[in-house]
Amino acid sequence: MATGRGAMRSERAEHPENDGARQVSVFTDDALGRHDAVGLAEAIRRGDVSRDEVLTATRDRLAAAAELNAVVGAVFDSPVVGSASGPLAGVPTLLKDNSDLAGVPTGQGSEIVRMSPASSHGPVARELLRMGLTITAKSALPEFGLSASTEFPTRAPTRNPWDTEFSAGASSGGSAALVAAGAVPLAHANDGGGSIRIPAACCGLVGLKPSRGRFVLPAVEKLLPVPIVSEGVVTRSVRDTARFWAEADRRSSRALRPIGSVTGPSARRLRVGLITSSLAGSGIDDATRRATEDAATLLESLGHRVEPIERLPIDPGFPDDFVRYWAFLAFVLQTTTPRRPGAGLRDFDPLTVGLADRFRRDGWRLPAVIRRLRKAASDYEALFASVDVVLSPVVGRATPPLGYLSPRVPFDLFLERLTDFAVFTPLHNVVGAPAISLPLGPPSPAPLGVMVSARRGDDRTLLELAFEVEQAAPWPSLVER
C-alpha cells in the first residue's frame, strides 16, 4: 500500500465547526489511481492496468473505508463480472441492496426482512453487467429507501466521508459514501423521492435522476398508480454520468428524445428559472440559499439568462399529497414484505411503521391524491413555456449531522424534519422529469448540492449544462485531499 501523499487515509480533519470530525479518503497510487470510470475503462483497455489489479485495489479500498458502514454484509469473494465488450468493462461498482443479484439476499435496508438469496439477476444488475461493470458488493440504504439519511434503529449509520459526524444522505447513501471516498468510481443508485440527488448533494457528487422511461423499470414499479422510482448512478464526474446514460439510453422508451453521446457543453444559451422557496412554503437555510444564488450568478456569467420564479405552477397541496402517497407505499411494503421468523409488523423501522399507520388512518384519501399527483405532470410541463431549465436547491437544509434524521427520533418530529429537508426533490419523481444534483456548495463540514431540472425527456440539456458548469467551476473532491 502506498504511503505519503497518495496513501489511503482516515484522518482527523480541521473543522472548527466540528472538532474531532474525521475525513475518510481511500484514494491512493494503486490500479484505481485517481481515475473516474471512463478513465479507468480506458486504462484497462490499453493494458495499463489489469482487471485483477483493479479488483485487488477495490477490495483494499473497500476495507480501508469500512468505518463508513456503507457495504451490506461482506465484499464478495467472487465479484460478478460484466461483459468484456461493454463500454465500462472491468470498472468496479456497487449494487444498492434493494435490487436483486443472483445468489445474494436483497435486504432492502431492513433489520427484519427475511433474507433469502435472489434466484436471478434483477433488471438493474443485468444492465450494469451488460455495460461491463463488475459488481463487488451491495451498498447500504435505510429501510425500503424511505428516509433521506442512511441510519438504522440498532445498526451503526452510514457515515459521510467528508466528515464522519454527518449524514451521507439517502436512500443511496452507501453508494454515495463509497464513491466520494474513492472506493469505486461510480455506483448504482435509485430515486423515489430524491434518493439519487440527495446523497449526491451530501457527498459532493453528480447525481442525475433521469426522465421516467430512460431505464428499465422493475416489474413492481409498473404496477403502481404513480410510478416514481428511477434507476441510475452517482459519480464524481459529469463525463461518467453522461457515458453511463449514453449506454443506458439504448434501452429507453422510444417516446423520449434520445440523450445520445454528450461529451461537453452546448453553445446554446438557456433561460433559467430560479427557485429558492419550496412548494411547502418553508424557507431554506442561509448556506443553501447562498449556494443556489451563487450558482445562479455563475450561470449568468456564462451567458445564460436567469429569472426568479415566485412559485411553481403546482397545486400547493402537493407536499401533503406526496407524503400520503409515501405512506401508502410504506403500508404496502410493511404488509407484503416477508419477515424473518418471529418478527411482527411493529418490528419494522419506526419510519415505516409510522407512515403505514398514517395510511391506515387516512387511506380513504388515496384516490383523490392519485388524481392530483397525476395532474401535476401537465402543470409542471406548462412551466417550460417560459424557461428551459429550473435552478433550485436539492434540499431545504444543509447536510445534517447524524442523529438529526435518526429513526430513534419520535415519528412526528422525524416526519417534520424529513419533509422540511427533502422538499424540492419529490416533484420530479411524480411528474417523471429529469433533475441533476451538482456539487456547487462549500464542502465543509459536509458538501451541499444545487439542482437543475428540465421538462421530461430533456436529460441531454442537463448533461450539457453540467459539463459547462464543471469546467467553469470544478468542484472539490476527496481525491485532492
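Strand S11 (residues 271-274) and strand S13 (residues 389-393) run parallel and are joined by three bridges. Within this pair, Gly273 has Val390 of S13 as its bridge partner. The model is predicted, so local features need pLDDT of at least 70 and side-chain atom pairs count only at pLDDT 80 or more, whereas totals for chains, interfaces and linings use all residues. Residues are numbered from 1 along each chain as its sequence is written, and side-chain values use heavy atoms, with hydrogens and water left out. Helices (H or I, at least four residues) and strands (E, at least two) are DSSP runs, numbered from the N terminus.

Strands of a sheet pair through backbone hydrogen bonds, either parallel or antiparallel. Here two strands are taken to pair if DSSP finds at least two bridges between them. An open sheet of eight strands shows mixed pairing, in the order S8-S10-S9-S14-S15-S13-S11-S12. Its edges are formed by strand S8 (186-191) and strand S12 (305-308), each of which pairs on one side only. From one strand to the next, the twist averages 25°.

Two helices pack on this sheet. Helix H7 touches S8, strand S9 (206-209) and strand S10 (230-235), and its direction makes about 150° with that of S10. Helix H8 (residues 286-301) touches S11, S12, S13 and strand S15 (450-453), and its direction makes about 150° with that of S13. Contact means heavy atoms within 4.5 Å. Axes are lines fitted to C-alpha atoms, for helices over the stretch in contact, and angles run from 0 to 180 degrees between N-to-C directions.

A further open sheet has three strands in the order S3-S5-S4, again with mixed pairing. Strand S3 (71-72) and strand S4 (92-96) are the edge strands, each pairing on one side only. S4 and strand S5 (residues 134-139) run parallel and are joined by five bridges. Pro92 stands opposite Thr134 in S5.

Packing between helices was also examined. Two packed helices are described by the angle between their axes and the distance between the axes. For helix H1 (residues 37-46) and helix H7 (residues 238-248), the angle is about 75° and the axes are 8 Å apart. The two helices are therefore roughly perpendicular to each other; angles under 35 degrees count as roughly parallel, over 145 as roughly antiparallel, 65 to 115 as roughly perpendicular and the rest as oblique. H1 contributes Ala37, Val38 and Gly39 to the contact, and H7 contributes Arg239, Asp240 and Arg243. By class, two residues of this contact are nonpolar, one is polar and three are charged. In this scheme Ala, Val, Leu, Ile, Met, Phe, Trp, Tyr, Cys and Pro count as nonpolar, Asp, Glu, Lys and Arg as charged, and the others, Gly among them, as polar.

Rolling a probe the size of a water molecule over the atoms shows where empty space is left. On a 1 Å grid over the protein atoms alone, a cavity is a set of points where a 1.4 Å probe fits but cannot get out, and a pocket is an open set with protein on both sides within 12 Å along at least five of seven lines; lining residues have an atom within 4 Å of a point. Grid points are joined across faces, edges and corners, and a volume is the space filled by probe spheres set on the points. There are seven cavities of 30 Å³ or more. The largest cavity has a volume of about 80 Å³. It is lined by 16 residues, of which Arg212, Gly213, Leu217, Val229 and Ser230 are the closest to its centre. This lining comprises seven nonpolar, five polar and four charged residues.

The second largest pocket holds about 620 Å³ of space. Among its 44 lining residues, Thr419, Ala422, Val423, Phe424 and Pro426 are the closest to the centre. Helix H9 supplies the largest share of the lining, six residues. By class, the lining of this pocket has 26 nonpolar, 13 polar and five charged residues.

Backbone geometry was considered last. Most residues other than glycine have a negative phi, and most peptide bonds are trans. The bond from Ala170 to Ser171 is cis, with omega near 5°, and Ser171 lies in the loop between strand S7 (163-167) and helix H4 (173-181). A cis peptide bond also joins Ser444 and Pro445, with omega about 0°. Asn69 has a positive phi, near 55°, and is placed in the loop between helix H2 (51-64) and S3.
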